[in-house]
Amino acid sequence: MTDVGIVGAGAGAAAAAFVVDGTVPDADVTVLEKSGGLCGRAATRRHDDLTYDYGANYLKSDDDRVVELITETLDDEGLVDVTDPVYTFAADGAVSPGRDADEHKWSYRRGLTQIAKRLFGRTDATVHRRTRVETVRRVEADSKWELDDADGETHGPFDVLLLNPPAPQTAELLRTAQWDDPLRETLVEAVGAVEYRSVWTAVLRYPFALDVPYYALVNTDKEHAVGWISREECKAGHVPDGETLLVVQANDAWSDAKYDGDPAENVAALADHVAEIVGDERLADPAWTDHQGWRYALPEGGVDRGPVDSARDAGLYLLGDWVAGEGRLHAALANGLDVGERVAYGI
Ligand SMILES: Cc1cc2nc3c(=O)[nH]c(=O)nc-3n(C[C@H](O)[C@H](O)[C@H](O)COP(=O)(O)OP(=O)(O)OC[C@H]3O[C@@H](n4cnc5c(N)ncnc54)[C@H](O)[C@@H]3O)c2cc1C
């Protein structure tokens, strides 16, 4: 029996659990997730008859193994592909066609969280939601790992431990870990060095349709307060006909400056920007709104892989987009598949 503990239920963790569970017949996988949902930053909410992806916007087809996983291995029922293009806008708000680099822009009718739900759904893993891990402990006597959660409960022992939270949160778990090994400090340094961009997201609903030729607008010179605007109604099943639901992501400087500001003021300021960029003054006055601050939205780069690879000797595996070196959903999934195989085959 191999007991596998996983902290975090992001896409990377889901892919790893799927591989381990399917490859090691007697593996016993336990997942501890601090939030109430699955799939981490690839997040979906529902409100009335709306479904919207308010973290990652879509999954792109940049990794062959991930494409196979999504289109062949997993049930592709309800998979939606956004075919409308992505246009660009500049600091002065001028919109122009043409940055449709992505062959596919996938979500699901029920939202991107379906990826982790479908992956975990194919396993016997036990997933504990609303369970925040506070302490990681190495039990050297029998080479195992234990985890204490915020309610004081201990989980484990585990032969193998996977850590999926964003680098700053993983670094904190390692910094406070009860693990008397010089590698711990080297890991804390390497993982703690990964920098992140924050994103403040507003979701804006309108009772009318927008007549524009694009799915989304991206700010290419990174000089505008708004970095991204996309239309959830371009994803089948997300928005009732004749309505508009915009997901607006502020750029990192604006997000940092306003992170702890009044959410209503932030939403109003972003709605004003949207009205100006799209060129429709009705957009300054949404009928309903939602918002989310993402402190650790996107890693700026990857981690030094040396210490991360060395940790495997102790049965400790770090995984996620920041380990892959790219703040993208397909990269997190690909890294999860890779880590799952390493755990399964002991490589
Ligand atoms: C605003 C925004 C827009 C984005 N847009 C795109 C996009 O358009 N396309 C794209 O490909 N990617 C996009 N991304 C990036 C994409 O969402 C991520 O790359 C991907 O989801 C990362 O997955 P992951 O497995 O690395 O970890 P995460 O999704 O970060 O999952 C980690 C999990 O660990 C949990 N956790 C943390 N600490 C603890 C703890 N102590 N105990 C228990 N659980 C814990 C968290 O709650 C979380 O569920 C975007 C991200 C954001 C935030």
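How exposed is Lys117 in terms of relative accessibility? With a relative accessibility of 33%, Lys117 counts as partly exposed, where buried means under 20% relative accessible area, exposed over 50% and partly exposed in between, using a 1.4 Å probe and protein chains only.

## Basis of the model

This is a predicted model, in which local features need pLDDT of at least 70 and side-chain atom pairs count only at pLDDT 80 or more, while totals for chains, interfaces and linings use all residues. Residues are numbered from 1 along each chain as its sequence is written, and side-chain values use heavy atoms, with hydrogens and water left out.

## A positive patch on the surface

Lys117 is found in helix α3, residues 114–121; helices (H or I, at least four residues) and strands (E, at least two) are DSSP runs numbered from the N terminus. Together with Arg46, Arg110, Arg129 and Arg130, Lys117 belongs to a patch of positive charge on the surface. Such patches are made of residues with over 30% relative accessible area and no salt bridge, like charges being joined within 9 Å and nonpolar side chains (Val, Leu, Ile, Met, Phe, Trp, Tyr) within 5 Å. Lys and Arg count as positive and Asp and Glu as negative, without His and the chain ends, and the place of a charge is taken as NZ of Lys, CZ of Arg, CG of Asp or CD of Glu.

## Strand β7 and its partners

In strand β7 (residues 86–89), Val86 and Thr88 point one way and Tyr87 and Phe89 the other way, and all are buried. Strand β7 runs parallel to strand β16 (residues 216–219), with four bridges joining them, and Phe89 stands opposite Asn219 of β16; two strands pair if DSSP finds at least two bridges between them.

Strand β8 (residues 95–96) runs antiparallel to β7 and is joined to it by two bridges, with Thr88 opposite Ser96. The hairpin of β7 and β8 has five residues between the strands, and in it Gly93 takes a positive phi near 85°.

## Strand β14 and its partners

Strand β14 (residues 160–163) directs Val160 and Leu162 one way and Leu161 and Leu163 the other way, and all are buried. Strand β1 (residues 2–7) pairs with β14 in the parallel sense over four bridges, and Ile6 stands opposite Leu162. Strand β20 (residues 316–318) also pairs with β14 in the parallel sense, over three bridges, and here Leu163 stands opposite Leu318.

## Salt bridges

The structure holds 20 salt bridges, each being a side-chain nitrogen of Lys or Arg within 4 Å of a carboxyl oxygen of Asp or Glu. One of them joins Asp48 and Arg205 at 3.8 Å, N to O. Asp48 lies in the loop between β3 (44–47) and β4 (50–53) and Arg205 in strand β15 (residues 196–206), so the pair ties together parts that are 157 residues apart in sequence. Asp48 is exposed, with a relative accessible area of 66%, whereas Arg205 counts as buried at 10% relative accessibility. Both belong to a network of salt bridges that links Asp48, Asp49, Arg205 and Glu243.

The side chains of Lys235 and Asp53 meet in a salt bridge of 2.9 Å, N to O. This pair links distant parts of the chain, 182 residues apart, with Lys235 in the loop between β17 (226–231) and β18 (244–250) and Asp53 in strand β4. Lys235 counts as buried at 1% relative accessibility, and Asp53 is buried with a relative accessible area of 0%. Lys235 also forms a salt bridge with Glu232, the closest N and O atoms being 2.8 Å apart, and both Lys235 and Glu232 are buried.

Methods:
Accessible areas come from the Shrake-Rupley method with a 1.4 Å probe; for residues, only the protein chains shown count as cover.
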